Amino acid sequence: MLELVDISAGYGPTDVLHGISMVVPDNSVYAVMGHNGAGKTTLLKTVMGLISPRSGRILLDGEDITRTKPHQRVARGMAYVPQGQVSFGQLTTFENLQLVADGRNNGRAKIEEMFHLFPALEMYQTRSAGLLSGGQRQQLSIARALITEPELIILDEPTEGIQPSVVAEIEELIVSLSKTGLSVLLVEQHVGFALTASAEYAVMASGRVTSRGSGGQAAIESVVAAMSI
Amino acid sequence: MDVVVGQLFAGLSQGSILILIALGLALTFGQMGVINMAHGEFIMAGAYTAYVMQGILGDAGISLLIAIPMGFLIGGVMGVILEAVLIRHMYGRPLDTLLVTWGVSLILQQLARDIFGAPNVDVGSPSWLQGSVEVGGVALASARLFILALAIACVAALSAIIRFTSLGRRVRAVVQNRELAETVGISTRRTDRLTFFIGSGLAGVAGVALTLLGSTGPTLGTNYIVDAFLVVVVGGIGQIRGALIAAFVLGLLQSVFQYSTTASMAKVLLLIAIVIFLQVRPQGIFSVRTRSLA
C-alpha cells in the first residue's frame, strides 16, 4: 500500500525525521507510537505532502508520489484526519461534508452514509462546525475523510482530548474500517488501543524508528520498554 | 423633503459605486489577504474596454451591454496573470505585495497612456440612460439608477456564488484553512486563481460602470482605490455583507458631509469618522466568531 523509503524531513533548517522507512500493509492498521516531539505528526504531514522530504521516497501502490501535492494524493486514494479536530469552523457541518462530496457522482449518498454512521452530524448539519463539540468535530473530520472513499486513511491522534464516550466509538470505527478493506496509518499515544487495533507497529523517538514489530497485546511490554528509553 | 431624498439618492449612488469597486477587493484583499494596489488599474482596464467596445460597435446601448461581461473578462484575465506571475510568490508577505503591485499599477497606467493617449477619453452613454427619472418630485439620474441596479446584481450574484456553489465553498474553505483545504482534496492553487479572476473581473465591471459618470483616463482607478480599501476594512475583513453596509454608510456620510461642507472637507470628515470607528471597533462591522480557532 504505502511505502516510505529512507525519509528525512524537517522545518526550515531544523531536521525532524532522520531516515524513516516503513511499509503500511493493505487492509490493516499500522500504528505509530512515541512521546510528544518524537516526530509522529511531522511524519504524517510528510506522508500527506504538507512537508516535502529532504530525501527519500514515498510510494503508494508502487508509484512514486514524493513530489505530488496533498490534493493530488487525496485523488489517489489517501485521506488525512489531522490532529486536534480541525474543521472549517465557519462552514456548516453539512457544507464541510459537501465540500468533499462536490464533484463525486455518489456525493449525496456518501453524505447520507456518514449521517447514518454519525447521527450527531445529521442532527447538527446546519450548525457551524466551529460550534460543534470536540468529539463531534472529530467525527466530522473522519466523515470528511471517508467520503472521498480512500484506500488509505491517516489518523493523527484521533482520540486525543475527546470525551470518553466518543473515544470508544472512534476506536471501534477504526478497527472496523481496516476490516472493510482500508489501510490505516494511525498515530496514537494510547498504547493499549494502538496495539489492540494494529497488525504492525513502530515506535519513534527523536525522529527515528527505535522499535517495530507485529501488533497485538503480546507486544505491549516491548513497546513500553521502547518508549521508556 | 426634496433635499433629503436627493441627498439620500446621492449617497446610495455613491455607495453603489463604492461597493462595485470594493466587492472585488473584498475577495482578493478581504478573503485572500492580498494588498493589490493594481486593483485600481483593473477598473481602468474595464473603463477602456467600454471605450474600445464603443469604438468597434458604435451603438452606445449595445456596446455598454457587451462591455459589462467583456470588462469582467478582461479585468479577470489581468488579475489571473498578475496572480500567476507575481502575487503567488508573495503570499504572506503583504508589504512586498503592496510595493510590487504598486509598481505594476504604475506600469499599467503608462501602458494605457501609450495605447490610448494621455488625455481622457469619453464613452457616450446610451440614449436610455440619458436624462432622469422623477421620484417624489426629485429627478434621479438614469445612469446612477443603472449603476445602483448593476451593483445590486453584482452583490447578489457574488453572494450566491460564495454561499451556494461548490466554488464558493472551496473559496471559503481555502480562506479559513489553506492546509486543511489541500488535505481534504481541494486544489488551493486553482481556487486562488479563480478567486482572483472573479475579484479582478468585478473591478473591470466597476470600470465599465464608471464610464457612465465621467471621462476615462489612465489614473481613473487610483481615484477610487483608497476608498475601496477603506470600505473593506470598515466592513470587516473577509465579510461581503460588511463591505456592503460599509459602502452605503460611507456613501451616505460622504454625501451628507458634502452637502453641509465642501467636497474636500467631506473627505476629511469621513476619514476622521473612520479613524474613530476603527478605534472603537478595529475588527470592522462584522467579525468572525467560532467556538475555537479551527
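A salt bridge is taken here as a side-chain nitrogen of Lys or Arg within 4 Å of a carboxyl oxygen of Asp or Glu. The structure is a predicted model, in which local features need pLDDT of at least 70 and side-chain atom pairs count only at pLDDT 80 or more, while totals for chains, interfaces and linings use all residues. Residues are numbered from 1 along each chain as its sequence is written, chains are lettered from A in the order in which they are written, and side-chain values use heavy atoms, without hydrogens and water.

The contact between the chains (heavy atoms within 4.5 Å) takes 28 residues from chain A and 23 residues from chain B. About 2,300 Å² is buried between the two chains, 60% of it from carbon and sulfur atoms; buried area is the accessible area (1.4 Å probe) that two parts lose on being put together, summed over both. On the chain A side, A:His71, A:Phe88 and A:Gln90 lose the most area to chain B, together 26% of what that side buries. B:Arg172 forms a salt bridge with A:Glu95, with the closest N and O atoms 3.0 Å apart. A:Lys45 and B:Glu179 are likewise joined by a salt bridge (3.6 Å, N to O). This pair links helix H1 (residues 40–48) of chain A to helix H7 (residues 178–183) of chain B, helices being DSSP runs (H or I) of at least four residues, numbered from the N terminus.

Within chain B, helices H1 (residues 2–31) and H8 (residues 188–210) pack at an angle of about 165°, their axes lying 7 Å apart. Axes are lines fitted to C-alpha atoms over the stretch in contact, and angles run from 0 to 180 degrees between N-to-C directions. H1(B) is therefore roughly antiparallel to H8(B), a term for angles over 145 degrees. Residues in this contact include B:Leu20, B:Gly24 and B:Leu27 of H1(B) and B:Phe196, B:Gly199 and B:Leu202 of H8(B). By class, the contact has 12 nonpolar, 4 polar and no charged residues; Ala, Val, Leu, Ile, Met, Phe, Trp, Tyr, Cys and Pro count as nonpolar, Asp, Glu, Lys and Arg as charged, and the others, Gly among them, as polar.

Helices H10 (residues 240–260) and H11 (residues 263–280) of chain B pack at about 135°, with axes 8 Å apart. Among the residues in contact are B:Leu253 and B:Phe257 of H10(B) and B:Lys267 and B:Leu270 of H11(B).

How values were computed: Helices (H or I, at least four residues) and strands (E, at least two) are DSSP runs, numbered from the N terminus. Angles under 35 degrees count as roughly parallel, over 145 as roughly antiparallel, 65 to 115 as roughly perpendicular and the rest as oblique.
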